[in-house]
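Please keep the sequence and the coordinates at hand while reading.

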Amino acid sequence: MNLTTMHSTQTIESREVARMVGKEHSKLLRDIRNYIDYLNEAKIGSVEFFVTSSYQDLKGETRLSYLITKQGCQMVANKLTGKKGVIFTALYVQRFNEMENKLAVAHLDSYMIEDPVKRAEKWIEEQRVVQQLAEKNEVQAQLIAEYEPRISYLDTILDSKGLLAISQIAADYGMSPQQLNKVLHDQRVQHKVGGQWILYKDHMNKGYTKSQTINITRTGGHQDTKMNTKWTQKGRLFIHDILKNIGVTALMDREGQ
């Protein structure tokens, strides 16, 4: 959980508080800025309630947040009514009590206690705290996974532009271009004409491919040209659906799973 201790004062990070009260973080930030303005007008130090902080989002950009003290949480709770206020109060009081207990345990390590019985009790308590922290870290990882949608291979297709060679698409599935061409041939998508893969008539005029002329050097050194089939993003999506239907998944989606 986003719990920290700063200058001997326990705080809870504003993103965690937003989740606890069921409010968007941006709206909680707006409320906190209003509280700070009121406190400043009354010449009351806002740092006893809210401490400016920051975090990096998944894009690596720095975003504003606040570290909220117990007094700050009380101020937030006072603005909540009914069930939400009761639940948030119970959660933040419980959280700060946990922090205070952890700090108390940290003051004296088990190996420093002479009495063997008390030393054993303290060691058990230390292990309990370690286990609790590990469990909370797992919960936090689950929350992050739920709040941040996974980018799929389909998303990359929809976000991309331009033409692709069959080798580029094949690489996305861990296949060679020869393997993918064979699959598309077996699925009655394309066949070879004069050394170039051409779509069957059922799939022509649908914007799946573009033929490009490329320069080549023939055996003996003389220059020539040949036609080469490139795939559009619409065609790439078409291939994606065909492979999905026969149980072939993109490497990106396999790693995500």
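Which residues are exposed on the other side of H2? They are Tyr38 and Glu41; exposed means over 50% relative accessible area, buried under 20%, and partly exposed in between, with a 1.4 Å probe and protein chains only.

The model is predicted, so that local features need pLDDT of at least 70 and side-chain atom pairs count only at pLDDT 80 or more, while totals for chains, interfaces and linings use all residues. Residues are numbered from 1 along each chain as its sequence is written, and side-chain values use heavy atoms, with hydrogens and water left out.

**Overall composition**

The chain has 10 helices and 8 strands. These elements are DSSP runs numbered from the N terminus, helices being H or I with at least four residues and strands being E with at least two. Of the 257 residues in the chain, 34% are buried. Contacts are counted where heavy atoms lie within 4.5 Å. Among contacts between residues at least 6 apart in sequence, 51% join residues at least 24 apart.

**Helix H2**

The buried residues of H2 are His25, Leu28, Leu29, Asp31, Ile32, Tyr35, Ile36 and Leu39. They lie on the same side of H2, because they cover an arc of only 160° around the axis. This arc is taken from the directions that lead from the helix axis to the C-beta atoms. Among the elements that cover the buried residues of H2 are H1, strand E3 (50-56), E4 and H3.

The length of H2 agrees with expectation: at 1.5 Å a residue, its 17 residues should span 24 Å, and its end C-alpha atoms are 24 Å apart. The expected span is 1.5 Å times one less than the number of residues in the helix. Just after H2, Lys43 takes a positive phi of about 60°.

**Nonpolar cores**

A nonpolar core is a set of buried Ala, Val, Leu, Ile, Met, Phe, Trp, Tyr and Cys residues joined through side-chain atoms within 4.5 Å. In soluble globular proteins, nonpolar side chains tend to be buried together. The largest such core here has 23 residues, and Val17, Phe50, Cys73, Phe88 and Tyr92 have the most contacts inside it. At least two residues of this core come from each of helix H1 (14-21), helix H2 (25-41), strand E4 (62-68), helix H3 (70-78) and helix H4 (82-106). H2 supplies the largest share, 6 residues.

Leaving aside residues up to four places away in sequence, Cys73 touches Ile12, Val17, Ile68, Phe88, Tyr92 and Phe96. Apart from this core lies another, of 18 residues, which include Ile169, Leu184, Ile239 and Ala250.

**Salt bridges**

How many salt bridges does a search of the whole structure find? The search finds 9, a salt bridge being a side-chain nitrogen of Lys or Arg within 4 Å of a carboxyl oxygen of Asp or Glu.

| Pair | N to O distance |
|---|---|
| Arg63 and Asp57 | 2.9 Å |
| Glu61 and Arg63 | 2.7 Å |
| Asp186 and Lys182 | 3.0 Å |

Arg63 bridges to Asp57 and also to Glu61. Arg63 is partly exposed, at 37% relative accessibility, whereas Asp57, at 19%, counts as buried. Glu61 is partly exposed, with a relative accessible area of 37%.

Asp186 and Lys182 both lie in helix H8 (residues 177-186), 4 residues apart, which is about one turn of the helix. Asp186 is partly exposed, with a relative accessible area of 45%. Elsewhere, a network of salt bridges links Glu16, Arg19 and Arg95.

**Hairpin and loops**

Strand E5 (residues 190-193) and strand E6 (residues 196-199) run antiparallel and are joined by 4 bridges; two strands count as paired if DSSP finds at least two bridges between them. His191 stands opposite Ile198 in E6. The two strands form a hairpin with 2 residues between them, and Gly194 in the turn has a positive phi of about 55°.

Arg188, in the loop between H8 and E5, has a positive phi of about 60° although it is not a glycine. Arg188 is exposed, with a relative accessible area of 53%. Asn205 is found in the loop between E6 and strand E7 (209-217). The phi of Asn205 is positive, near 60°, and this residue is also not a glycine. Asn205 is exposed, with a relative accessible area of 83%.
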